[in-house]
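Good morning, colleagues. Please look at the sequence and the model as they come up, and I shall then take you through selected parts of the chain.

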Amino acid sequence: MSAATIPSALAEICVDDLEGALSADRVGAHRIELCANLGEGGTTPSMGLIMSVFRAVTHAGVQVIVRPRGGDFVYSHEEIDVMCADISAIADAATHAATPVGVVLGALTPSGDVDVTAMSRLLAAAAPLSVTFHKAFDVTADLFAAFDVLRDLGVSRVLTSGGPGAAADNLHTLAELVRLSEMERSPIVLVGGSVRPANVRSILAATGAHEVHARLQDPSPRGDGTLRTNPDSIAELLAELGGSVPTLDGSAQPTPTPPASSVVLALDIGGTNLKAAVVNAAGRSIDIRSVSAGATGDESLERIVELLTGLRVSAEAAGHTVVGAGVVTPGMVDAQNGIVRYASSLDWTNVPLRSLLATALGVPVQIGHDVRSSGFAESLFGASAGVDNSVLVAIGTGVAASIRSGGHSVVGAITTAGELGHIPVIPDGELCSCGQRGCLEVYLSGAGLARRYAALGGQEGLDAAAIVPRLGSDPIADRVWADGVHAFALGLTSLTLLIDPTMIVLGGGVSRAGDRLLAPLRVALSESLAWRDAPEIRVSELGTSGGRIGAAVLAFRAAGLGQVPESWLVADVLA
């Protein structure tokens, strides 16, 4: 089997059944457009097929067409109702997908313009899924006016042949649309229309496009007049995009790689600082910047947009192509819908962060919880790599945990799984800022240690890092530390019995105490567990870089390139 080389563009393959979706995924397509009734130009597939594809596809992103019938693209109010209902069902089903999901749709007025009213309803129903406007675009009265309207509506990409006929017949128009897309940062131009292995290179060379769409089917071997997606043709197309790809002998699967110039933006939002980076396809941060958070929630949003926009502009000036962004943040994070439900440190309530940033940056965006994303990164590249059942406990100003069970993150019903710091460990203990008594982070957190040290008569203004060196010579420091370790051991005992992790990884500033924390904690945890062994306790290997690394992984997933981080090396992600 020959080795794959880097393709210069992303390939989306149109399929109409599970077999075709699996073939495209195995061969290395970057995205799949899932349709029914391709003889009618594609209509909404059944929910059974949609769910089956979401569960089966492991690498390629999936775009589901939402089109209630064949024929024209002028829809009644009732047909738009049906489309909105279909979109809602797809969004619900997307929770079962292993790869990014989007929808493909379009609506026109009788005069051939984009139906802004209908599209506004459809886009609202689709949020936060990405939206591609399909080839209804090619029959609009004015392609460039329609492109401007779709940009203003916030459509992610436009599937087009550049007008009636095949893409090869409209190269000049396609080149102009690509130029406008790059100038305005959106929508992305997805070139389709009789794209084949034999002509894809010339189309890309003439248009400058970075994404192509192809339907590669031939008569089914069943001989019943139906068509099937041809995996050999997909392999040929991918080969033309960037060289040879593995032959289909079933012995291995290729791993698609983005163009060498592709980079993503990764942002780790803290309560007081915003740390962002440009990360390349090797996982290496090639530009890192940090600014303080704003005094208000709105000001923090403005600074985030300014920071990421500045990085994007600098990256593109250096010849890179930004293909996605990943953002991790504290608070109650609804990652599936791209919304920060609540973040007290940022003064945010129900902030649609993903859609705001996708609109501002013109690239797909994924968001995640900061500690949960750090735990995910640690499981890929750090102390818990290869461990399916692990917990990362971040001990900073507060205490939070990332729980991974069976190789998956535990999120919870309202996305708050892992609030270890607010488990009451001391009955009727000291009051916590959350309103409960005896919470773990009252006793062992950066803020808790500093507060209790001062309250018991210690020197004012010392933080945890300054308290640790006093251990053994300062009775107040010894007492505060012993109380903290005791509380922490009680919390980890409950966690161990409930979650049954193989390993507990400690991160955050307090974990830097090293053996002064680890040695007594290991003893206390072992003594608390009467009938089972204690899980292994390690210190994070990624440290404060975990959030940024997790955000970079999210960014490549947002771009439909979730397989790229699988080849990253620890030395590169920590460089």
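Asn 37 lies in the loop between β2 (31-34) and α2; helices (H or I, at least four residues) and strands (E, at least two) are DSSP runs, numbered from the N terminus. Although Asn 37 is not a glycine, its phi is positive, at about 50°.

A word on the source: this is a predicted model, in which local features need pLDDT of at least 70 and side-chain atom pairs count only at pLDDT 80 or more, while totals for chains, interfaces and linings use all residues. Residues are numbered from 1 along each chain as its sequence is written, and side-chain values use heavy atoms, with hydrogens and water left out.

A positive phi also occurs at Asp 500, near 60°, again in a residue other than glycine. Asp 500 sits in the loop between α15 (475-499) and β22 (503-507).

Next, Glu 536, which belongs to strand β23 (residues 536-539). Glu 536 is partly exposed, its relative accessible area being 38%. Leaving aside residues up to four places away in sequence, Glu 536 touches Thr 502, Met 503 and Ile 504, where contact means heavy atoms within 4.5 Å. The C-alpha atoms of Glu 536 and Ser 220 are separated by 55 Å, and these residues are 316 residues apart along the chain.

Let us turn to helix α3. Which residues of α3 are buried? They are Glu 79, Ile 80, Met 83, Cys 84, Ile 87, Ile 90, Ala 91 and Ala 93. These buried residues pack against α2 (47-56), β3 (61-65), β4 (101-105) and α4 (116-126).

Finally, the whole chain. Its secondary structure comes to 18 helices and 23 strands. The C-alpha atoms fill a box of roughly 85 × 50 × 45 Å, taken along the principal axes. Of the 575 residues, 54% are buried. Among contacts between residues at least 6 apart in sequence, 63% join residues at least 24 apart.

Methods:
Buried means under 20% relative accessible area, exposed over 50%, partly exposed in between (1.4 Å probe, protein chains only).
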